[in-house]
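Open the model in your viewer and follow the stops below in order. Each stop gives a selection and what is found there.

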Amino acid sequence: MSEDLSSLSAEAPPAARHPGASRLSAGARRPLGWVERVGVLVAYHWVLFKRTFHGALVSRFLLPVLFLASMGLGVGSLVDESSGGVDGVPYLIYVVPGLVMVTAMNVGVGEATWPVMGFIKWNEFYRAMLHTPHRVLDVLLAHWVMIAFNVLISAGAFMVVAALFGGVDSWWSLLALPVAVLVGMAFATPLFVVGAKAANDSIYSAVFRLVITPLMLFSGAFFPIENLPFWMQPVAWATPLWHGVELGRAAFLGGPVPDLWAVHVGVLVAYTLVGAWFSVRAVRDRLVA
Amino acid sequence: MAPDLLLTARNLTKKFGDFTAVDGIDVEVRKGEAFGFLGPNGAGKSSTMRMVGAVSPVTSGELRIFGLDPETHAQQIKARLGNCPQKDLLDEELSVEENLWVYGRFFGLSKAEVRERATELLEFAQLTERRADKVEHLSGGMKRRLVIARSLINNPELLLLDEPTTGLDPQARHILWDRLFRLKRQGVTLIITTHYMDEAEQLCDRLVVMDKGAIAAEGSPKDLIARYSTREVVEVRFDADDHGAFADSLSGIGERMEVLPDRILLYADDGDAATAAIADRGIDTLSTLVRRSTLEDVFLHLTGRTLID
Ligand SMILES: Nc1ncnc2c1ncn2[C@@H]1O[C@H](COP(=O)(O)OP(=O)(O)OP(=O)(O)O)[C@@H](O)[C@H]1O
Ligand SMILES: [Mg+2]
């Protein structure tokens with residue numbers, strides 16, 4: 001144990017040790033601008049991301065391969081044989097944008113459920129962040145940036161695999177990536193409210209059973225919603241996934257810009273922003289009481 | 001405000017709904033002081049510390065830290081504070097040193113700065129050998145030391161320690177007291193909460209006894225003992241379940257008596273004389289023990305309860 005602790009004290013002349021490092025010297029410290037605040041918190045999530053990357057890599061590439069093999073090739077050969085694809089589009093080309101958006105949703109949801117409850121309730125690490133010069137908004141923004149990045153990587157990985165299967169045939173398909181990020185965030189930010197308010201994580205199984213799984217099946221990812229009973233179609237219109245699938249499919253087909261593109265984007269942005277607004281409030285109520 | 005006042009609280013109040021956790025306290029802490037909040041579970045110590053740490057809004061009253069209002073200057077305050085909360089709030093998946101690094105980065109310190117400070121602080125907390133271990137695998141006391149080390153990463157001028165030694169074994173506790181003492185000598189102002197009276201006596205220049213959200217007394221440990229207790233105490237035990245039955249037989253010995261379920265405390269400046277008086281009356285005790293008064297006795301006198309219930 002060192003006898004000399006002078007370096008630990010507020011009175012140590014920091015300038016001699018770190019020239020210009022006014023964040024370690026007594027008195028007012030050089031403040032962090034908001035970009036820097038979010039940046040240093042993102043850096044923490046990046047550390048976590050790197051730790052779990054290898055495990056995630058498997059699921060991010062293996063799952064798409066399985067999906068594409070069964071849905072795209074298996075189901076696709078049936079569909080193409082019996083009816084010449086969907087509206088003349090080979091089923092593989094039809095289903096890949098749907099699967100990209102489903103992937104985006106799954107990653108957004110996955111990152112915004114148990115991990116969020118961990119930070120709020122289990123290790124309460126959000127609280128540790130709030131003990132440093134950060135506000136609830138900084139803490140959440142940083143987490144959202146990381147989730148958006150995660151969605152982007154996953155959707156991108158899926159598209160790379162799909163391209164190897166022959167499921168991507170236009171550069172316009174790349175436009176599906178920002179849409180995928182929006183889809184992921186449209187699901188993620190509202191789920192932060194759940195993480196902040198729920199007493200425990202049993203709520204999440206209900207979320208998956210009642211929301212995520214039905215949405216995956218009935219949002220036009222695998223077949224046109226026109227094939228649903230008429231009363232179910234408005235349900236699809238209300239969900240972010242359908243809007244993402246519509247935009248993504250248009251990008252993949254490289255066809256004309258869909259008439260309602262602004263509505264689709266607007267719905268996704270609205271879900272994201274409204275979710276963000278309520279989650280800042282909910283997390284603040286929970287952690288800054 | 002005088003420049004050497006790091007903390008001033010006037011009529012500081014914290015409510016959770018209808019419940020008042022902190023009930024209009026007045027506190028001043030000067031630069032270089034070690035100041036304590038001594039009180040039992042639920043006294044409002046942590047609620048106070050969270051307001052001072054600028055992580056919990058003040059319900060009413062006035063609070064200034066470094067002369068700044070936490071409502072408007074939370075960031076500036078937190079940049080200069082060290083915060084060791086009652087709960088560890090560590091990322092157990094990360095290693096010991098990673099926890100220090102990421103936390104230091106939250107303050108906007110450079111990679112080089114956090115690495116250098118982390119090395120020093122690991123030494124300070126005697127965790128250098130465990131630096132690469134996952135926090136998950138540390139003992140409770142080691143985690144506590146890590147949290148204290150982490151709270152020093154930004155070279156704070158004011159260090160908030162909410163029950164810093166809970167979970168530490170006696171030896172680790174004494175080493176930590178020694179460390180904190182040295183920090184204090186080097187000019188770091190300490191605010192400590194504890195329900196251990198020996199910790200308060202060892203560390204604090206000045207303290208407040210807190211109970212049910214209010215301050216019951218304030219002063220140096222010595223002052224408080226002089227003011228609210230006698231120099232010595234005789235602890236008398238009987239071979240009986242109900243000690244209250246013996247109170248009458250002891251009355252008149254010493255200046256004051258406290259009857260507890262398992263013993264009777266007689267307050268007297270001369271403990272030996274009091275013990276002799278008990279023997280003179282021919283009272284059949286199981287044991288008598290003379291000891292010096294402590295803050296525990298102060299607390300008992302002020303609230304009628306023991307500190308650790
Ligand atoms: N977020 C909260 N919501 C509601 N009540 C709270 C909250 N935080 C604390 N309290 C209540 O306020 C009172 C004071 O709690 P506090 O944690 O400040 O006590 P303490 O002195 O730190 O006790 P301990 O020694 O157990 O840590 C308690 O009755 C507690 O239940
Ligand atoms: Mg407490």
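Select D239(B), D241(B), D242(B) and D284(B): in this predicted model they form a patch of negative charge on the surface. Of these, D242(B) sits in the loop that runs between β10 (232–237) and α9 (247–250) of chain B.

Next, show the magnesium ion (ligand 2), which is coordinated by OG of S46(B) and OE1 of Q86(B) at 1.9 to 2.1 Å. These two residues link distant parts of the chain, 40 residues apart: S46(B) belongs to helix α1 (residues 45–52), and Q86(B) to the loop between β5 (81–84) and α3 (96–106) of chain B. Q86(B) counts as partly exposed because its relative accessibility is 40%.

Select E28(B) and R10(B), whose side chains meet at 3.2 Å, N to O. E28(B) is in strand β2 (residues 19–30) and R10(B) in strand β1 (residues 5–16) of chain B, so this bridge ties together parts 18 residues apart in sequence.

Move to E97(B) and R131(B), a salt bridge of 2.7 Å, N to O. E97(B) is in helix α3 of chain B and R131(B) in the loop between α4 (111–124) and α5 (140–151), so parts 34 residues apart in sequence are tied together. E97(B) is buried, at 13% relative accessible area, whereas R131(B) is partly exposed, at 25%.

E120(B) and R117(B) form another salt bridge, 3.6 Å from N to O. Both residues are buried. They are three residues apart in helix α4 of chain B, which means a separation of about one helical turn.

Finally, select E235(B), R237(B), D262(B), R263(B), R291(B) and D297(B), which a network of salt bridges links.

Conventions: Residues numbered from 1 in each chain as written. Chains lettered and ligands numbered in written order. Predicted model: local features only at pLDDT ≥ 70, side-chain atom pairs only at ≥ 80, totals over all residues. Heavy atoms only, no water. Patch = residues over 30% accessible without salt bridge, like charges linked within 9 Å, V, L, I, M, F, W, Y side chains within 5 Å. Areas by Shrake-Rupley, 256 points an atom, 1.4 Å probe, with all protein chains shown as cover. Salt bridge = Lys/Arg side-chain N within 4 Å of Asp/Glu carboxyl O. Lys, Arg positive; Asp, Glu negative; His and termini not counted. Charge placed at Lys NZ, Arg CZ, Asp CG, Glu CD. Helix = DSSP H or I, 4+ residues; strand = E, 2+ residues; numbered from the N terminus. Donors = N, O, S within 2.8 Å, 3.2 Å for Na, K, Ca; no water. Buried < 20%, exposed > 50% of the residue type's maximum accessible area, 1.4 Å probe, protein only.
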